[in-house]
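Morning, everyone. I have one structure to walk through today, and I'll keep it short. Please look at the screen.

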Amino acid sequence: MKESLYTIPVNEGFEAGGECPFCNIYHKLETESVDFMLGASYMEDDIRMETNKTGFCSKHYLMMYQKQNRLGVALMADTHLQKVIEDIKSLGEELKNEKKSFFSKNNNKNALSAYLDNVTEDCYICNKINKNFERYIDTFFFMWKKDNDMKEKVKSSNGFCLKHFSKLTDVGKKKLSAAAFAEFIDIILPKEIENLQRLEGELGFFINKFDHRYKDEPWGSAKDALIRALLKIGSVKVEQE
Ligand SMILES: [Zn+2]
Ligand SMILES: [Zn+2]
């Protein structure tokens, strides 16, 4: 493994600033994955076999549709649909023979509905992003342990979104020794709380600006406070209009 292959994107995620370095990494991976999908990759047999099975989640169907490659999306949707029709036919037949006891209180899913739940949530793009994203999280801890450079980057960051903050506490517990984990928490916890409070203050000011008494007050940093708060709380990237 060439180390820089993974360390560079992690460094870039921190250098891009904003409310969460890992959201920067995630959104870059997401854009690249959607572009990859709508490049020529949907014409490659092995990839299409996989997308026929998984399909895509709602978010990524929408992102692909908005990219204007309607033929590409239609081709993938068409062969995915063929596979789904085949599967529904065979699972639907079996459904009639399933014993009633199968539908116990805690398991009210039959084989067909379980299949459909899975196929509507499974997503080739999410799977591709997540595989790479996990590697970047591992790389982050590799860099954290290696020297002080990453610690300094974290200290001068604005903390993380709630989802990635949670992820860091889980993975950190596994990757670091007890003492190193305690040091990690001592750094990221106050950083996170301080930045959530800072953002809550900015959001308060943003709300005040709707009150006519504040209309002449300068915006300061609060102009895009809502956009940044949505990223912090919901990990969602809203483009500024
Ligand atoms: Zn994030
Ligand atoms: Zn997806």
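This is a predicted model: local features need pLDDT of at least 70, side-chain atom pairs count only at pLDDT 80 or more; totals for chains, interfaces and linings use all residues.

I'll go from the domains to the core, then to a pair of helices, and end on one residue.

Start with the overall division. The chain splits into domain 1, residues 1–157, and domain 2, residues 161–241. Their centres, taken over C-alpha atoms, are separated by 25 Å. The two domains touch. Domain 1 puts 18 residues into that contact, and domain 2 puts in 21 residues.

Now the core. In soluble globular proteins, nonpolar side chains tend to be buried together. Here, the largest nonpolar core has 43 residues. Which of its members touch the most others? They are Phe22, Met64, Phe140, Val154, Phe160 and Phe184.

Helix 7 gives the most, with 10 residues. And where does the core sit relative to the domains? Domain 1 and domain 2 both give residues to it, so it lies between them.

Let's zoom in on Met64. Set aside its neighbours within four places in sequence. Met64 is then in contact with Val34, Met37, Leu38, Phe56, Val73, Met76 and Ile125.

There is also a second, separate core, of five residues. Among them are Val84, Leu91, Leu112 and Val119. Keep those names in mind for the next part.

Next, the helix pair. Helix 5 covers residues 70–97, and helix 6 covers residues 111–121. Their axes come within 8 Å and cross at roughly 160°. Angles over 145 degrees count as roughly antiparallel. Helix 5 and helix 6 are therefore roughly antiparallel to each other.

Who makes the contact? From helix 5, we have His80, Lys83, Val84, Asp87, Ile88, Leu91, Gly92 and Leu95. From helix 6, we have Ala111, Leu112, Tyr115, Leu116 and Val119. By class, that is nine nonpolar, two polar and two charged residues.

Last stop, Asn208. Asn208 lies in helix 10. Its relative accessibility is 29%, so Asn208 counts as partly exposed. Compare its position with Ser90. Asn208 and Ser90 are 118 residues apart in sequence. In space, C-alpha to C-alpha, they are 59 Å apart.

Key. Residues are numbered from 1 along each chain as its sequence is written. Chains are lettered from A and ligands numbered from 1 in the order in which they are written. Side-chain values use heavy atoms; hydrogens and water are left out. Axes are lines fitted to C-alpha atoms, for helices over the stretch in contact, and angles run from 0 to 180 degrees between N-to-C directions. Helices (H or I, at least four residues) and strands (E, at least two) are DSSP runs, numbered from the N terminus. Angles under 35 degrees count as roughly parallel, over 145 as roughly antiparallel, 65 to 115 as roughly perpendicular and the rest as oblique. Contact means heavy atoms within 4.5 Å. Ala, Val, Leu, Ile, Met, Phe, Trp, Tyr, Cys and Pro count as nonpolar, Asp, Glu, Lys and Arg as charged, and the others, Gly among them, as polar. A nonpolar core is a set of buried Ala, Val, Leu, Ile, Met, Phe, Trp, Tyr and Cys residues joined through side-chain atoms within 4.5 Å. Buried means under 20% relative accessible area, exposed over 50%, partly exposed in between (1.4 Å probe, protein chains only). Domain bounds come from an automatic or database domain assignment.
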